[in-house]
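Welcome, and thank you for opening the viewer. Let us take a walk through this structure together, one selection at a time.

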Amino acid sequence: MSTGPRVSKGTRVSTASTKPGGGRAGRACRAAGRALRRPFAAAGRGIRRATHAHGAGESGLGKLIELHAVNSAGDMMITVALASTVFFSVPTDQARGRVALYLAVTMAPFALLAPVIGPLLDRVPHGRRAAMAGSMLARALLALTMSGAVAGGGLELYPAALGVLVSSKAYGVVRSAVVPRLLPPRISLVKANSRVTLAGLLATGAAAPVGGALHLIGPEWPLYGAFTVFVAGTFLSFSLPHKVDSAKGEGRALLASEEAGERPAGRRPGLRTVGPSVLHGLQANAALRSLSGLLTFFLAFLLREHPLGGLGPQVSLGLVAVAAGAGNALGTAVGAWLRSRAPELIIAVVLGLALAVTVTAAVFYAVLALVVVTAAAATAGLCQALAKLSLDAVIQRDVPELVRTSAFARSETALQLSWVVGGAVGIALPLNGTVGMAVAATLVTTGVLLAVRGLLGAARHGAPHPRVA
C-alpha cells in the first residue's frame, strides 16, 4: 500500500484544464477553427484539382492557370477603382472628358509602345518568369501610387494608369509565349489557352464584387486590394517551371516583311513566315477586338445617359457586362470543344455572326433596345473568344515550335492595339444607339472584307509551310 501523496480526481481535471488550449473552451475554439477552415480548404483543393487536371500539374500549366487568375483579379480591382473615379463619380459630360483624357494620356502612348513590347520581350526568352514577376510588382507599386490620387482624380493618376496598362499588356504577351512551353501531352494548345482564359474570367467575376465592397470603405481600398493580389502574383511567377525561361529550339517569327528588298514587286506585305491563315485570322480578330473596345466605351456612356427599358444606369450597365461575360465564357467553352474542327471556318463564321447581330442591332435599336444591346454584347464576347481560340489553333498548326512563341507574342500585341483603336472610336461617337451600332457594324464589315475570302481559301487549299527567319 502506497504511502505517497494522493491526488484527487478533481485535482487532476483542474490541472489538465490549466494547460494551454486545454478544457472545453479550447476544444470548442479548435473545433470552430476547423469548421471555418473546412469550406475554404475544400474549395482550394477543388480549384487545385481543376487547374492541375489532365497532366497540367506535372507540366506546370496548372501554376500558369493560377497565376493568370491572380493577374485577372488584380486588374479587375484596379479597373473598379479607376471606373469609380473616372466614370461614375461625376456627371456624364464631365465623365466623357475624363475618359477622353484617360485615353489620350494612357492609350496614345500605349499605341506607340505596343509594337515594341512583343519584339522586346522576344529578345529576352531567358527571363520570362522575371518579366511576369516584374509586371506584377510594377502594378503593385503603381496601385499604391494611385491610391493617393484616386479620390481627387488628379492628373497624376493617369501616368500611373499608363504604367498599369503597359505592364498588364506585357504580362499578356509573355503569358501567350509561355503557354506552348507548358503543354501537357494530353492537352492541345487551344484547349490550354481556353482553360487559362476561363480561369481569368472566373477570377474577374469573383474580384468585381470584392472590389466593389472595398470601394464602399473608401475609393483607395480597391487599390490596396490590388497591391496585395499583385504582390502574391510576383512570388507566384517564380513558382513556374524553369523550362519557361528556356529558349532551346526557338527562333524569331517575322509577322511582316522586315528585310528590305525581299518582297516581290506588287505583293502586299503580310505574315510572311506563318502563312495566309494566320494573317487573315489576325485581321478578323483585330476587327472583333476593335468591336469589343468600341462597345465597351460607347455603351458605358450611352446606358448611363439612356438606360435600357426603364432600368437604372447601374442595372443597365451590369446587365450588359453580365451578357458580355457570359458570351465570353460560352465562347471559351465552345472553342475548346471545337478544337479539332477547321479553325479558319470558325473564324469566318463568327465574323459573319458578329456582322449579322450588329446590323440587326442598328436596324432595330429604336424598337428593341434592351434585346439588341444585350445580344450585341453577348455576341461580341462569344465571337471574340471563339475567334481568338481559333487563331491560337491556326498558330499551333501552321507555325513550327521553332518560332511559335514569337508569333504568339506579336499577334497578342497587334490585338491589344486593335482594342485601343476601337475604344477611341467608341468615346468619340455621339450618344445615339442606332449610330453606334451602325459604326460597330462597319468595323466588322471591314474585317469581313479583309479576311473572310482569304480564310475560306486557306481552309480549302491549306496553308503553305512557314519559313523560319
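## The whole protein

Of the 469 residues of the protein, 49% count as buried; buried means under 20% relative accessible area, exposed means over 50%, and partly exposed is in between, with a 1.4 Å probe and protein chains only. This is a predicted model, in which local features need pLDDT of at least 70, side-chain atom pairs count only at pLDDT 80 or more, and totals for chains, interfaces and linings use all residues. Residues are numbered from 1 along each chain as its sequence is written, and side-chain values use heavy atoms, with hydrogens and water left out.

Switch to a cartoon view to begin. The protein has 15 helices and 0 strands; helices (H or I, at least four residues) and strands (E, at least two) are DSSP runs, numbered from the N terminus. Among contacts between residues at least 6 apart in sequence, 83% join residues at least 24 apart, where contact means heavy atoms within 4.5 Å.

## Stop 1: the largest core

Select L61, L64, I78, M132 and M146. In the largest nonpolar core, which has 52 residues, these five touch the most other members. A nonpolar core is a set of buried Ala, Val, Leu, Ile, Met, Phe, Trp, Tyr and Cys residues joined through side-chain atoms within 4.5 Å. Helices that each supply at least two residues of this core include α4 (61-88), α6 (128-147), α7 (157-178) and α8 (189-217). Which helix gives the most to this core? The answer is α4, with 12 residues.

Zoom in on L64. Not counting residues up to four places away in sequence, L64 touches M132, R175, V178, V179, L182 and L240.

## Stop 2

Colour α6 next. This helix has 20 residues and reaches 29 Å from its first C-alpha to its last, close to the 28 Å expected at 1.5 Å a residue; the expected span is 1.5 Å times one less than the number of residues. Among the buried residues of α6 are R128, R129, M132, M136, R139 and M146.

Then move to α7. With 22 residues, α7 reaches 32 Å from its first C-alpha to its last, close to the 32 Å expected at 1.5 Å a residue. Because 18 of its 22 residues are buried, α7 is largely enclosed by the rest of the structure.

## Stop 3: the salt bridges

How many salt bridges does a search of the whole structure find? It finds 2, a salt bridge being a side-chain nitrogen of Lys or Arg within 4 Å of a carboxyl oxygen of Asp or Glu.

Since K388 and D392 are 4 residues apart in helix α13, about one helical turn separates them. Both K388 and D392 are buried.

## Stop 4

Is S390 buried or exposed? S390 counts as buried, at 5% relative accessibility. Leaving aside neighbours within four places in sequence, S390 is in contact with P343, I346 and I347.

Jump to A451, in helix α15 (residues 433-461). A451 is buried, with a relative accessible area of 0%. Draw a distance from A451 to H280: they are 171 residues apart in sequence, yet 4.7 Å apart in space, C-alpha to C-alpha. Leaving aside neighbours within four places in sequence, A451 is in contact with H280, Q283, A284 and L351.

## Stop 5: a nonpolar patch

End on the surface by selecting L311, V315, L319, V359, V363, F364, V367, L368, L370 and V371. Together they form a nonpolar patch with about 830 Å² of accessible area. Patches are made of residues with over 30% relative accessible area and no salt bridge, with like charges joined within 9 Å and nonpolar side chains (Val, Leu, Ile, Met, Phe, Trp, Tyr) within 5 Å. α12 (343-364) is one of the helices that supply at least two residues of the patch, and α12 gives the most, with 3 residues.

How values were computed. Areas by Shrake-Rupley, 256 points an atom, 1.4 Å probe, with all protein chains shown as cover.
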